[in-house]
Amino acid sequence: MTDVEREAIVCDVDHDESELNRFSDNASIVHQLLDHINGNEKSFERRGFSERFLRWRRRYLPAGGGNRRDHSSVKQSGPLVSGAAYCISSCSMIIMNKIVLSSYNFNAGVSLMLYQNLISCLVVALLKFSGVVSVEKFNWKLIRVWMPVNVIFVGMLISGMYSLKYINVAMVTILKNATNIITAIGELYMFRKRQNNKVWAAMFMMIISAISGGITDLTFNVVGYTWQTANCVLTASYSLTLRRVMDKAKQSTKSGSLNEVSMVLLNNLLSLPFGIILVILLGEWRYVISTDVTQDAMFWVAATASGFLGLAISFTSMWFLHQTGPTTYSLVGSLNKLPISLSGLVLFNVPLSLPNLFSILFGLFAGVVFARAKMS
């Protein structure tokens, strides 16, 4: 029986299903029938045995005792579970960093970055040796190619730490929209990639929301906004540079490929010497040793949790992207800014004016419009 014929039978399955369901009342009869049919399916068909029953069996009672409907429900829940994991880890990471830097008044952002990256390296190495993930073997050629990307990566993390220390979570989220604008301009000049009018309109809305948000921000801090501006430039530069060197980086590996887990390990591993040098040059090591906050066990719990959450974002984003696609991933990432902003306002009791709240909501709306415009 051909596949076309099998598919034609589907139309008649529902009509006969009530009659066939009586077999399930007696499990032993069903299993005997299945065992007999598994070995003699062709002979059943030759004797005129109901092809509809065969089709029903394959659809609802597959060999091996599994239930295809259960498998289908698990498959359908994959995007929902992975999306929820991505949103929770992303939101928790920003909130946890804010707690460590602001609530504990920890003034060593480079040291926190170094600690988080060390945790990421250890966890990925453990997963690799356990056989859970596969990682490319690194060589000096790959390291030389990747070094510019990593320098920008370190600057991006450090600037993000310090901006979050001085600015409330909602405004950081809105100001990050400027990264999309810088990236779009960079793509235009570096890759000759032109955006449609809807994208430029959305980016104009982002600019308006960022300016109005800064003007109406009751907790405006020049240092924080300067760090956030640097973070937007570095984040866009990281994205553009990564795209530029990716092909060359893949050619530098033995397998000719570089998966996401390898990139996570490579970035975090190469950032360790940079972090150590900066901690020494900036004198943060003296502060970390002498400050009272490092004597608080709960501080280390929060700092360690932020390290694990940083790694969780890497894995959950890859998982969610695999379960859905770039379009859904981009849209959910934009929508995820809403709970992050609201939770930041509530948890940290941020002084808020009505114009500033409107600017934040307008910025979130602009982010969603931007994601939708990129899809078109």
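Throughout this account, a residue is called buried when its relative accessible area is under 20%, exposed when it is over 50%, and partly exposed in between, with a 1.4 Å probe and protein chains only. The structure is a predicted model, in which local features need pLDDT of at least 70 and side-chain atom pairs count only at pLDDT 80 or more, whereas totals for chains, interfaces and linings use all residues. Residues are numbered from 1 along each chain as its sequence is written, and side-chain values use heavy atoms, with hydrogens and water left out.

Helix 9 covers residues 178-190 and, with 3 residues, gives the most to a nonpolar patch. That patch lies on the surface and is formed by Ile185, Tyr189, Met190, Phe191 and Trp200, which together have about 480 Å² of accessible area. Patches are made of residues with over 30% relative accessible area and no salt bridge, like charges being joined within 9 Å and nonpolar side chains (Val, Leu, Ile, Met, Phe, Trp, Tyr) within 5 Å; the accessible areas come from the Shrake-Rupley method with a 1.4 Å probe, and for residues only the protein chains shown count as cover. Met190, which has its place in helix 9, is partly exposed, with a relative accessible area of 35%.

The structure holds 1 salt bridge, in which the side chains of Arg243 and Glu187 meet at 2.7 Å, N to O. Because Arg243 lies in helix 11 (residues 222-251) and Glu187 in helix 9, the pair ties together parts that are 56 residues apart in sequence. Glu187 counts as buried at 4% relative accessibility, while Arg243 is partly exposed at 37%.

Met161 is found in helix 7 (residues 140-166) and, at 6% relative accessibility, counts as buried.

For "transmembrane region", an unreviewed UniProt entry lists several spans, among them residues 263-285 and 354-373; UniProt positions are given in the numbering used here, feature names are shortened, and annotations may be inferred rather than shown by experiment. Residues 263-285 are 91% helix and 0% strand, with end C-alpha atoms 28 Å apart, and residues 354-373 are 100% helix and 0% strand, with their end C-alpha atoms also 28 Å apart. Helix 17 (residues 354-375) has 22 residues and reaches 32 Å from its first C-alpha to its last, close to the 32 Å expected at 1.5 Å a residue, the expected span being 1.5 Å times one less than the number of residues. Buried residues in helix 17 include Asn356, Gly363, Gly367 and Phe370.

Two loop residues remain to be described. Most residues other than glycine have a negative phi. Asn349, in the loop between helix 16 (337-347) and helix 17, has a positive phi near 45 degrees and is exposed, with a relative accessible area of 65%. Asn105, in the loop between helix 5 (68-103) and helix 6 (109-129), has a positive phi near 50 degrees and is partly exposed at 46%.

Terms used: Helices (H or I, at least four residues) and strands (E, at least two) are DSSP runs, numbered from the N terminus. A salt bridge is a side-chain nitrogen of Lys or Arg within 4 Å of a carboxyl oxygen of Asp or Glu.
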